[in-house]
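Take a look at the protein below.

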Amino acid sequence: MNYDIIVIGAGPAGYNCAIKFAKQGKKVAVIEKNSLGGTCLNCGCIPTKFLWQAAKTKQKISKSLEYGIKANIENITFADIIAKKNRLVENLVKGVERLLKTSNVEIIKGEAGFKDKNTITVKNSDGEIELQADKIVIATGSDCKAIPNTEFDHQKYISSTDALNMTELPKSMLVIGGGAIGIELSSIFSAFGVNVTLREICPQLLPSEDTELATELAKVMARQGIKVEVACTEPLKDADKFDKILIAAGRKAVTDILKIENINLGLDKKNFIETKNYSTNIDNIFAIGDASGKGFLAYTAEQDAENLVFGTQSSNPVPKVVFSFPPAASVKAVDFDNYKNIVYTKTNYSSNARAQIEGERTGWIKVAFDKDSGKILGVWILGANADEMINTASVMIKAGMKASDIKREMFFHPGLSEILFETINNL
Ligand SMILES: Cc1cc2nc3c(=O)[nH]c(=O)nc-3n(C[C@H](O)[C@H](O)[C@H](O)COP(=O)(O)OP(=O)(O)OC[C@H]3O[C@@H](n4cnc5c(N)ncnc54)[C@H](O)[C@@H]3O)c2cc1C
């Protein structure tokens, strides 16, 4: 079979890329070895946020007396929660399938490998077929990475994917890795009553994040009952004390199954595909999303797809969110480091009326401005709805807005986003 474009991998990078090319009238096939939707839909963004919401619902019920409502949690069967999560994922996978089909993208199930720079072999239970295309886009994503001297046995030593499919809660869990995934899973399992220890090798959680935000987040997690240890050089020192050891220490490339030795595709030091503006060292082969070792987010993967298809480039601020209790989020101007004269303002959640109504008094918002122009350069939020509010902040930064622009705006009252408004107005 001959196509204009073959996309390998149907995660957010691959399926968005395939749909966009097909909408331009190209003959497109997408090859997927597992379930459509990739990591994001099956074992990443969606399952984690479902479990976070389930844990939040439990917390809300426990606090119902604050609203004069007597309610008790009679029973939590974790298997039921996982079954509900699976049903949601199945529905969303069907949604991706419908989208691909209505966009005239051919879906081919199986494991893809290169025979030559225009020929892909696809292996599945029916055997092996060969497909040809002018252009090939690699969107094969990434996978969970173990730490040195360990491997996932999927029983005691588990990955994030294993953790999202456990039907029984362990009594204790050691989480190795204080990045977004480790923090989210620690927060979720602790909220369901698991005794969680979180260990990070670097001196702070979220190593590349603002230290004040990371330090405050560690304190909030400790108050929730999570034992947080940073600068921990021996994360497995007392491994036998724990029922489960969840390793969330980053992601690894999955290029080994692509038979790239047949085409001499260039890789970087970590075995991700080396790219410049999505181009590889082979003229008709491109790589986007996690496969290119950049971004590691569903929305950056989707933006890669957009840029590749339309030949655009973007240097947007990237909002980042961690689903702890409460969530933490941040966004910085892409040229933040070029500013030398930066001033900050900060406001606590506790005095905001809506925060009091919602029983969400924990946290603060911090804003960075260029002192000379008043331009908004960065926003850090630890507090309820940080995950949504950060998008507003991101748009302000992208638009180059100054504090004086926001002062003329109106923000709905009573709202949590008034905290952002007030923090900016405090300049
Ligand atoms: C626990 C967890 C939580 C996360 N939470 C968030 C979040 O809240 N927000 C966010 O933006 N990001 C989140 N991420 C990251 C996000 O899931 C990824 O960045 C995103 O899925 C990357 O998209 P992708 O299309 O590049 O790769 P993937 O989604 O990994 O998709 C790649 C696809 O390629 C397929 N494939 C690989 N090799 C082959 C082959 N040889 N042949 C055929 N098919 C192949 C795979 O089966 C897979 O389906 C999370 C990740 C994890 C692990």
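## About the model

This is a predicted model: local features need pLDDT of at least 70, side-chain atom pairs count only at pLDDT 80 or more, and totals for chains, interfaces and linings use all residues. Residues are numbered from 1 along each chain as its sequence is written.

## The whole protein

The protein has 12 helices and 19 strands. Helices (H or I, at least four residues) and strands (E, at least two) are DSSP runs, numbered from the N terminus. The radius of gyration is 23 Å, close to the 22 Å that the globule rule gives for 427 residues, so the protein is as compact as a globular protein of that length. That radius is taken over C-alpha atoms, and the globule rule is 2.2 Å times the number of residues to the power 0.38. Along its principal axes, the C-alpha trace spans about 65 × 55 × 45 Å.

How much of the protein counts as buried? The share is 43% of the 427 residues. A residue is buried if 20 or more other C-beta atoms lie within 10 Å of its own, exposed if 12 or fewer, and partly exposed in between; C-beta atoms are placed from the backbone. Now take contacts between residues at least 6 apart in sequence: 66% of them join residues at least 24 apart. Two residues are in contact if their C-beta atoms, placed from the backbone, lie within 7 Å.

## Three domains

The protein is divided into domain 1 (2-142 + 252-310), domain 2 (157-249) and domain 3 (320-425). These bounds come from an automatic or database domain assignment. The centres of domain 1 and domain 2, taken over C-alpha atoms, are 26 Å apart.

Where domain 1 and domain 2 touch, 12 residues of domain 1 are in contact with 11 residues of domain 2. On the domain 1 side, helix 3 (45-62) and helix 4 (78-102) each supply at least two residues. Helix 3 gives the most, with 7 residues. By class, this side of domain 1 has 9 nonpolar, 2 polar and 1 charged residues. Here Ala, Val, Leu, Ile, Met, Phe, Trp, Tyr, Cys and Pro count as nonpolar, Asp, Glu, Lys and Arg as charged, and the others, Gly among them, as polar.

## A parallel sheet

Strands of a sheet pair through backbone hydrogen bonds, either parallel or antiparallel. Two strands pair if DSSP finds at least two bridges between them.

Strand 9 (172-176) and strand 10 (195-199) pair over 5 bridges. Ile176 has Arg199 in strand 10 as its bridge partner. Axes are lines fitted to C-alpha atoms, for helices over the stretch in contact, and angles run from 0 to 180 degrees between N-to-C directions.

Another open sheet has 5 strands in the order 15-16-19-18-17, with antiparallel pairing. Its edge strands are strand 15 (320-322) and strand 17 (342-348). The twist averages 10° from one strand to the next.

Strand 15 and strand 16 form a hairpin with 5 residues between them, and they pair over 3 bridges. Strand 16 (328-332) is joined to strand 19 (376-382) by 5 bridges. Ser330 stands opposite Lys320 and also opposite Trp380 in strand 19. Lys332 has Gly378 as its bridge partner in strand 19.

Is strand 16 enclosed or open? 5 of its 5 residues are buried, so strand 16 is largely enclosed by the rest of the structure. In a regular strand the side chains alternate between the two faces of the sheet. Ala328, Ser330 and Lys332 point one way from strand 16, and Ala329 and Val331 the other way.

A cis peptide bond joins Phe325 and Pro326, with omega about -5°. Pro326 lies in the loop between strand 15 and strand 16. Another cis peptide bond joins His413 and Pro414, with omega about 0°. Pro414 is in the loop between helix 11 (403-407) and helix 12 (417-425).

Tyr278 has a positive phi of about 75° although it is not a glycine. Tyr278 counts as buried, with 23 C-beta neighbours inside 10 Å. Phe296, also not a glycine, has a positive phi of about 55°. Phe296 has 18 such neighbours, so it counts as partly exposed.
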